[in-house]
Amino acid sequence: MTAVELAGITKRFPGVVANHDIHLSVRKGTVHALVGENGAGKSTLMKILYGMQKPDEGTIAVNGEQVTFSSPADAIVRGIGMVHQHFMLADNLTVLENVVLGSEKLHGIGSKARRTILDLSKRYGLGVRPDVLVEELGVADRQRVEILKVLYRGARILILDEPTAVLVPQEVDALFDNLRELKAEGLSVIFISHKLGEVLSVADDITVIRRGTTVGTAVPSETTPRQLAELMVGSELPTPETSESTVTDKPVIEVEDLTVLSADSVSTGKGSASLLMDQVERGAVRLVLDHVSFTIHAGEVMGIAGVEGNGQTELIDALIGLKNADAGVIRFTGDDITSWSTRKRREQGIGYIPEDRHRHGLLLESPLWENRILGHVTERPNAKGIWLDIKGAQEDTRRIVEAYDVRTPSIDVTAASLSGGNQQKLIVGREMSHKPRFLIAAHPTRGVDVGAQAAIWDLIRAARREGLAVLLISADLDELIGLSDTLRVIYNGKLVADADPATITPEELGSAMTGAASGHLENEELAEQVELAEQAESPAQTPADAPEDEAR
Amino acid sequence: MKKFDKERLLLAVAGPVIALVVAVALTSVVLLASGKNPFEPYTLMFEQATFSDIQVLIINQASLYYIAALAVAVGFRMNLFNIGVDGQYQLAAMMAAIVGAHAALPAVLQVPLLILTAVLTGAFWAGIAGVLKVTRGVSEVVATIMLNAIATSVIAYLWLPSVFGVKVGNNNTTGEMHKSGWVPGIDVGDAGEIYGLVILAVLLGIGYWVVLNRTRFGFDLRASGASESAAAASGVNPKRMVLTAMLVSGGMAGLAGLPILLGDTHTYSLNFPTGIGFLGIGIALLGRNSPTGIAFAALLWAWLDKASPELDFHGYDKEIAVIMQGLIVIAVVVSYEAVREWGLRRQQRRVGAELAAGNVLGATSDNNTTKEVAGR
């Protein structure tokens, strides 16, 4: 019995075929994974199934009955619900209010609604508390509210769009338990992901989508992540070489007791440190960075793991100079740069790949060559004296576009017209073109397709060999483990744990990220294995080559 | 890739043209509703534009509008709304008039002195709003509106006979300026004289373009306007940029009254034109903050001003021109936003299409390009 049957779906946008002849068949009571790299057309397909887009060709059948959707409301009537990647919840309302919002007609807004919510929550093991304000909930709880919202509207077919992107491994496991509950109750789940390990562990069936079309299906029990990744990319994956250490003993960036207070507290300026500490003790001011110290040497990549919102943003801002350090010292190749402006830091060789490229890395409505100037307006080839060197900048933009494989028809198009991966390659190319000695790389491959991801990793590795010091912040634990020479875990504004990327597993890192573990993390079993393997000169299962199965 | 350049030009022209067409159509509706001929006023006004004396009036008036609009545009380019151009230019013109009446240097020094006085006064007045914004987070919109009101009071105070005022009949003036500060006009025969400082307006327009498009400072300013967060991350000091932009905007605003002050009235009196700063806002909007666009917009505005009195002689109300100006401003705001969004989306699609067709810059016959849907 099929819950959903998509046949021959084609969707054209002017000039682009987003979906072409897609076939997808979801069995009732199963978790069906839809995998593919970014831009492969997964989202468009799901928008079609959810009634947000109309297909140009092809048919949709739900429970064996052919249907056409002209809006999500039609899809909901047919029992299709969607949990979006970005939560759509009102923070200042309670869970109950969020769930009934827009569906007040179903069970009212009072005790009947509450009973229904509690019933659903119990039946599927969601553990939702109806009267808590959403703003007090963590990410995983919010996701469960989103799922409940969909169930409340009577969905029997759930679409989950990259649900694990925001979760730590333990939370992922909990989510998968929920999905199994749903499955057991006869519901069908369409699970969109590009994390292949997860897909293999939870899905009953897998459909792979590449360049807008379905290229194959796979049975999880008979497939390895590598095979799946190759199906996704359509070619043999490049194997990252086992990285020989390039770490030198030359410190490039030294951070000592860096402390930053929450942004909402009034800046008290310098010389009032004691007053400040008073406020901290009274709880009037929160420390978002609490005495953070570390050193990164030339040729070293230091990874920072942590759940988002634990001080990563503030650390980046303090290092690039967007936020003043309220206490502590930052030294760059021996110079105290704590009081340097952002511009001076960048001129002196601090490269910056921002975590939010749209907010901090690009002028979306400006042409590519102006974006090439951004951040380096005082430097060659962008400027001569106080004058812009437009010719120089444009020529260099062409060079970057070619050298870094930025896919664009012209350097005069706006940055907004490029796909995320190409935007990121432009940023990476721009930063690397100024020969930084220290690179802040925040989520360098977030939202980037597989090809670009491998290219960016290679660039970082190559620069590291030439003595670049890198601070790598990422939510992608495999990327962290695969690229870093040293690992730190940030929790609640403190660096609480360190780990050796050669021996740590994502699960152990995950537990430190939730504050459950601290100090030096070590996996003894794995450490021994690695030692043995190193003796045998064939590192059999080092997580260092983990990024390869992390295709996206 | 000239295609994208042509497209940009098309988009730049589409906004104002749509706005003007809509405004004219709506004005005709107003005329119809009041039982008048919906087309005759335009022919009457066009006819006016062919008379050389009216042309001189238009150019003279446009020079004031142009400078005021440039001052507003500087702020717009970095997302600052300087509503205070009105107070800034009036106060600046008065200070220049007072200095001109009391200092008597040779013309080569006197004129630059007066220009400098006006620039500094305007910059100072706008700078107050800038400092307030940078240090206390006061919105520049509120601060400059308040400063307009304060400027009016300051002007009234300076007009007191016991301060700098000179009564001429019922009129308050600042006394006649010394001749060395008068800037001779360009004589065009019977049609009258074009203000000498029209040249200043042209130079300001050129300077505006060069600084914004060809200097590091201009790039920083435009980046700040396009994305404050990206500009800060690129190394622009946001506070310093706000203050600088306010000072530049105010300094330019200070010059807006000078063509008429040094070229015609030679005193700051009750008859001195007011409200030019507010008109400048609409003109800057219509001109899309570009020096050429603003020039056209300023001439259009001046034409509506100077041609409309004729309507009174033909049974039409000359306020039709004011209605039209108002409608243009509204239509402009709507049409620009619509055209901008449309243009962005159109370009995203076209880039997607070109990539899908394998038209990639620097690619060597690589037809294996990924069809990535342009995303953002």
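A:Thr333 is partly exposed, because 16 other C-beta atoms lie within 10 Å, and a residue must have 20 or more to be buried and 12 or fewer to be exposed. The model in which this residue sits is predicted. A:Thr333 belongs to the loop between β14 and β15 of chain A. Its phi is near 40 degrees, a positive value in a residue other than glycine. Most residues other than glycine have a negative phi.

Strand β14 of chain A, residues 327-332, and β15(A) are antiparallel and joined over two bridges. One residue pair can be named: A:Arg331 has A:Asp336, in β15(A), as its bridge partner.

This pairing is part of an open sheet of four strands in chain A, ordered β12-β11-β14-β15, with antiparallel pairing. Strands of a sheet pair through backbone hydrogen bonds. At the edges of the sheet in chain A are β12 (287-297) and β15 (335-336), each of which pairs on one side only. Helix α11 of chain A, residues 312-320, packs on the sheet and touches β11 (251-261), β12 and β14 of that chain. The direction of this helix makes about 60 degrees with that of β12(A).

The sheet is one part of a chain that has 20 helices and 23 strands. Chain A contains 552 residues, of which 50% count as buried. Among its contacts between residues at least 6 apart in sequence, 71% join residues at least 24 apart.

Another backbone feature of chain A is the cis peptide bond that joins A:Arg380 and A:Pro381, with omega about 0 degrees. Most peptide bonds are trans. A:Pro381 lies in the loop between α14 (368-373) and β17 (383-384) of chain A.

Chain B also has a residue with positive phi. B:His266, which is not a glycine, has a phi of about 55 degrees. B:His266 is in the loop between α11 (258-265) and α12 (276-286) of chain B. It counts as buried because it has 22 C-beta neighbours inside 10 Å.

For chain B, an unreviewed UniProt entry lists several spans as "transmembrane region", including residues 88-105 and 111-132. In the model, residues 88-105 of chain B are 83% helix and 0% strand, and the end C-alpha atoms of this span lie 25 Å apart. Residues 111-132 of chain B are 100% helix and 0% strand, with end C-alpha atoms 32 Å apart.

Note on methods:
Residues numbered from 1 in each chain as written. Chains lettered and ligands numbered in written order. Predicted model: local features only at pLDDT ≥ 70, side-chain atom pairs only at ≥ 80, totals over all residues. Pairing = 2+ DSSP bridges. Contact = placed C-beta atoms within 7 Å. Axes fitted to C-alpha atoms, helices over the stretch in contact; angles between N-to-C directions. UniProt positions renumbered as here; feature names shortened; annotations may be inferred.
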